[in-house]
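Hi,

Here is the structure I promised to pass on.

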Amino acid sequence: MATVPGTAVARCVHCRVDISVPERYAHGDHIKCGGCGTKHKVVRGDRLRLVLADVGPVRDALAQNQQLTTRLEADLAQARGSFGIGANGFGVALIYALYQVGVRGEPIGKGLLWEAVGVAIVSGLLLELANWAFLAKRHRLTVLSRELEEARAEASRLRAILREAGRV
Ligand SMILES: [Zn+2]
């Protein structure tokens, strides 16, 4: 494409396809992408660039992206907040044992030992359950974190396009 004299090539902002820009296109002129139909403005600075002619769809996409980011942040905060509920069961068992010895003055004998064994088995089962829930939550946190990261990356990409377009 660059073999035609005076024709330069620039990338489509949307689909990244090469667009050949003939010399007769002046700074600020509109040119359409042959691939996706996105309208661009020609920017003739130290080198030829193409920026979006109509930033409306990008602004809309950015607004949607911000809604998504807000939702993901809330989901992530909620998922983080529900952490540790399983581990609390163990704490409750410990507090119960301490209460039996300390407040009720129960002697540390065979009775309490068997009770402690029972508590250990029950809390062991609880911890297994908690562990399973922990892994499920951990997976959810990972997925949400990754989605949030992607949404933020997309937001900065969209903002960059808007900034570029604002220069014409
Ligand atoms: Zn395109």
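This is a predicted model: local features need pLDDT of at least 70, side-chain atom pairs count only at pLDDT 80 or more; totals for chains, interfaces and linings use all residues.

Residues are numbered from 1 along each chain as its sequence is written, and side-chain values use heavy atoms, with hydrogens and water left out.

First, the zinc ion. Its protein donors are the SG atoms of C12, C15, C33 and C36, lying 2.3 Å from the metal. Donors here are N, O and S atoms within 2.8 Å of the metal (3.2 Å for Na, K and Ca); water is not among the atoms, so sites may look incomplete. Along the chain the donors follow the spacing C-x2-C-x17-C-x2-C. The site is tetrahedral, with angles of 108 to 111° among the four donor atoms; the label requires that all angles lie between 85 and 135 degrees. For reference, the ideal angle for four tetrahedral donors is 109.5 degrees.

C33 is buried, at a relative accessible area of 4%, and C36 is partly exposed, at 34%. Buried means under 20% relative accessible area, exposed over 50%, and partly exposed in between (1.4 Å probe, protein chains only).

Next, the secondary structure. The chain has three helices and five strands, in the pattern β-β-β-β-β-α-α-α along the sequence. These are DSSP runs numbered from the N terminus: helices are H or I with at least four residues, strands E with at least two.

β1 (residues 8-11) and β2 pair in the antiparallel sense over four bridges; pairing takes at least two DSSP bridges between the strands. A10 has I19 in β2 as its bridge partner. The two strands form a hairpin with six residues between them, and R16 in the turn has a positive phi of about 65°. In a regular strand the side chains alternate between the two faces of the sheet. In β2 (residues 18-21), I19 and V21 make up the covered face, D18 and S20 the uncovered one.

The other three strands form an open antiparallel sheet in the order β3-β4-β5. Its edge strands are β3 (30-32) and β5 (48-52), each pairing on one side only. Five bridges join β4 (residues 39-44) to β5, and R44 stands opposite L48.

Finally, buried residues make up 24% of the 168 residues in the chain.

Cheers

Conventions: Four donors count as tetrahedral if all angles lie between 85 and 135 degrees; four count as square planar and six as octahedral if opposite donors are over 155 degrees apart and all others between 65 and 115; anything else is irregular.
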